[in-house]
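Dear colleague,

Please find the structure for your review below. My notes on it follow.

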Amino acid sequence: MPRRDFDITLSDLHGKRAVVTGASDGMGLGIATRLAAAGAEVLLPVRNPRKGEAALATIRAAVPAAQVSLRSLDLSSLSSVTALGETLLAEDRPLHLLINNAGVMTPPDRQTTADGFELQFGTNHLGHFALVSHLLPLLRAGRARVTSQVSVAADRNAINWDDLNWERSYNGRRAYSQSKIALGLFGLELDRRSEAGGWGITSNISHPGVAPTNLLAARPEIGRDKDTLGVRLIRALSARGILLGTVRTAQLPALHAATSPDAKPGGLYGPSGPGHLGGPPAEQKLYSRLRSTDEARRVWSVSEELAKVSFPAG
């Protein structure tokens, strides 16, 4: 049975400005709270203002001196991503940390974003890809670290190059894997391009293992009216300390990857327990689906075209 009392110590983040997507509840809210407790100024880009205000109240209750504020963002809308970029560029303050944490998982039926992309690919990957593009001047000014949250699902299936938007035959789990493989390849390619081009930022990836987060819980807005059997089983195993993590421990790999001086650019960080499902965070071997630089460059090129954004050449 894995230890359940482990934690990590964050370095002093006073003077740092951090952006955490998907921080209005669950694991993202926990990540934002820990960053605020370490002294960072934390921006929460949220789709739902009511949930955002509740998140602010939760963080301030835990960290009375927290510097935390909301911005508007719907990652499933490229115009919303552009608007957030314009807002932050107008504020003209460097960003030091970006954690691409938000995600949607396995809608029972195929859904699309505002721009017509399959919902998981459009939200989990393309939305974050476009966000980094728009924020790049601020990330470069802050010599930022970008951490993108993938999943154990990125260790199976593949990118469906013949039907990226799953228009011919939808499989929710395979589409979810595709979105996380694409995001992971992007996170690794971002680090390579930054090093080659002298952009001054570093990028790595993390995954939370398996824990009873809200990804598989009831989500009426994506057509899931009740908790899945999977999340009920995960809750039961997690509560008994069997293999899996908790919502609190699932936050730790991303926090370690984003803040630790020991976390390497281009590294993958996840739980170190059996099967990397739970346990203290540590570096682990890159998933086979994330090792091809050719595949990463292909994802980058296609994503620039689909999201209608561009990065500096070289």
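This is a predicted model: local features need pLDDT of at least 70, side-chain atom pairs count only at pLDDT 80 or more; totals for chains, interfaces and linings use all residues.

Residues are numbered from 1 along each chain as its sequence is written, and side-chain values use heavy atoms, with hydrogens and water left out.

Strands. Helices (H or I, at least four residues) and strands (E, at least two) are DSSP runs, numbered from the N terminus. Two strands pair if DSSP finds at least two bridges between them. Strand β4 (residues 97–100) pairs in the parallel sense with β1 (residues 17–20) over three bridges, and V20 has I99 as its bridge partner in β4. Four bridges also join β4 to β5 (residues 145–149), again running parallel. Both faces of β4 are covered: L97 and I99 on one side, and L98 and N100 on the other, are all buried (under 20% relative accessible area; exposed is over 50%, partly exposed in between; 1.4 Å probe, protein chains only).

Nonpolar cores. A core is a set of buried Ala, Val, Leu, Ile, Met, Phe, Trp, Tyr and Cys residues joined through side-chain atoms within 4.5 Å. The largest has 49 residues, of which L88, L139, F186, L190 and F311 touch the most other members. Helix α4 (119–141) supplies the largest share, ten residues. A second, separate core of 31 residues includes I31, L35, L44 and V46.

Salt bridges. With a side-chain nitrogen of Lys or Arg required within 4 Å of a carboxyl oxygen of Asp or Glu, the count is ten. R93 bridges to E41, the closest N and O atoms being 2.7 Å apart. This pair links distant parts of the chain, 52 residues apart. R93 counts as partly exposed because its relative accessibility is 37%, whereas E41, at 12%, counts as buried. E189 bridges to R192, with closest N and O atoms 2.9 Å apart; they are three residues apart in helix α5, so about one helical turn separates them.

D191 lies in helix α5 (residues 172–197).

Yours sincerely
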